[in-house]
Amino acid sequence: MEVVKIRPRGYCHGVVEAIRALRLASEQHPDEPVVMLGHLVHNEHVTREFAERGVQLVDAPSRLEALEQVDRGTVVLTAHGVSPAVKARALAKGLNVVDATCTDVIRTHELVRRLSEDGYTIVYIGKAGHPEPEGVLGEAPEALHLVESVADVDRLEIDSQKLAVTNQTTLSVWDTQAIIARLQERFPNIEVHNEICNATQERQQAAVEAAASCDLVIVVGSSRSSNSQRLVQVVGDLAHRPAHLVDTAADLRPEWFQDVGRVGVTSGASTPTQITREVIAALEAMETPARAAVTAARAPSAPDSDSAGPG
Ligand code: SF4
């Protein structure tokens, strides 16, 4: 079985910077609590690594509720961003605040703030309950309407001459296009502001292109990770190939690889490089009928190297 290592994949700049900020905070404040407000990124391995460094995780249905569990020390705000109310409350509690919000998410916050100050009503396409929409909606709750589907658009009751639509950074173009098309039917003057981040777009594009020449794609990532789930979705919907999400190599099931000659591997923007490497190694070690035939027919060769790219 040939293993195709899809690039780009894995850690994006937002995740790299957030991990760096949390490491620095834990090194600079060894004698006081350092708390991660919600999962820094949606990956259990990253959370575990920080737990081993003594960093506490506080989680709750909302960031504001989570913050009520923190009384002292340093609080690190995650790459997903938080609402202004969360920042204000953290400062009012006298906490040392480290803001690890991704610069792409900050840009969405700034856009929403500017539009609402200019008198716009804003439709925001995102996933209810995810921390990123929670933070963005908190910028201007009175001006924003969260929608997840075309049906949500049909239920909107908006009476405004100035209307705009934007979206969560980790969605796919294919998630948003039907919703935006329906919005444009209902509100022909609506302004469209695409906020899908480059890292998400590039990983989705690469996965779809590579999947076309593969029999199967494995996405390494947590089931809590929005961008990992979207990778599975775009491979299925656009390349029409089966795709499975695995958290680690232990999740690989032999029955998936019957009659598979080429398997593509990609990973979500929050998946540690080491986990993806372990999955690739496990796939390369699989003795499928196709691999056994090739191995028998040729002399041993040098092993593949996985040198390039962060993840
Ligand atoms: S997926 Fe995009 S928005 Fe999210 S942290 Fe990475 S770069 Fe930032």
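Author: Let me begin with a definition: a residue is buried if 20 or more other C-beta atoms lie within 10 Å of its own, exposed if 12 or fewer, and partly exposed in between, with C-beta atoms placed from the backbone. This is a predicted model, in which local features need pLDDT of at least 70 and side-chain atom pairs count only at pLDDT 80 or more, while totals for chains, interfaces and linings use all residues. Residues are numbered from 1 along each chain as its sequence is written.

Reader: Fine. Is Glu 17 buried, exposed or partly exposed?

Author: Glu 17 counts as partly exposed, because it has 16 C-beta neighbours inside 10 Å. Glu 17 is in helix α1, where helices (H or I, at least four residues) and strands (E, at least two) are DSSP runs numbered from the N terminus.

Reader: Switching to the ligand, which residues come nearest?

Author: Cys 12, Gly 14, Cys 102, Thr 169 and Cys 197 come nearest, out of 15 residues around the ligand; a residue is near a molecule or strand if its C-beta atom, placed from the backbone, lies within 6 Å of it.

Reader: Which elements give two or more residues to that shell?

Author: Those are α1 (13-28), α5 (103-117) and α9 (198-211), and α1 has the largest share, three residues. By type, the shell around the ligand divides into eight nonpolar, six polar and one charged, where Ala, Val, Leu, Ile, Met, Phe, Trp, Tyr, Cys and Pro count as nonpolar, Asp, Glu, Lys and Arg as charged, and the others, Gly among them, as polar.

Reader: Tell me more about α9; what are its buried residues?

Author: They are Ala 199, Thr 200, Arg 203, Gln 204, Ala 207, Val 208, Ala 210 and Ala 211. What covers them includes β1 (2-5), α1, β10 (216-220), α10 and β12 (262-267).

Reader: How do α9 and α10 cross?

Author: The axes of α9 and helix α10 (residues 226-238) come within 9 Å and cross at roughly 35 degrees; axes here are lines fitted to C-alpha atoms, for helices over the stretch in contact, and angles run from 0 to 180 degrees between N-to-C directions. On the α9 side the contact is made by residues including Thr 200, Arg 203 and Ala 207, and on the α10 side by residues including Asn 227, Leu 231 and Val 234, two residues being in contact if their C-beta atoms, placed from the backbone, lie within 7 Å. The residues of this contact divide into seven nonpolar, three polar and two charged.

Reader: Where is phi positive, then, in a residue other than glycine?

Author: His 240 is one of these, with phi near 55 degrees, and it lies in the loop between α10 and β11 (243-246). His 240 is exposed, because 10 other C-beta atoms lie within 10 Å. Asp 259, in the loop between β11 and β12, also has a positive phi, near 65 degrees.
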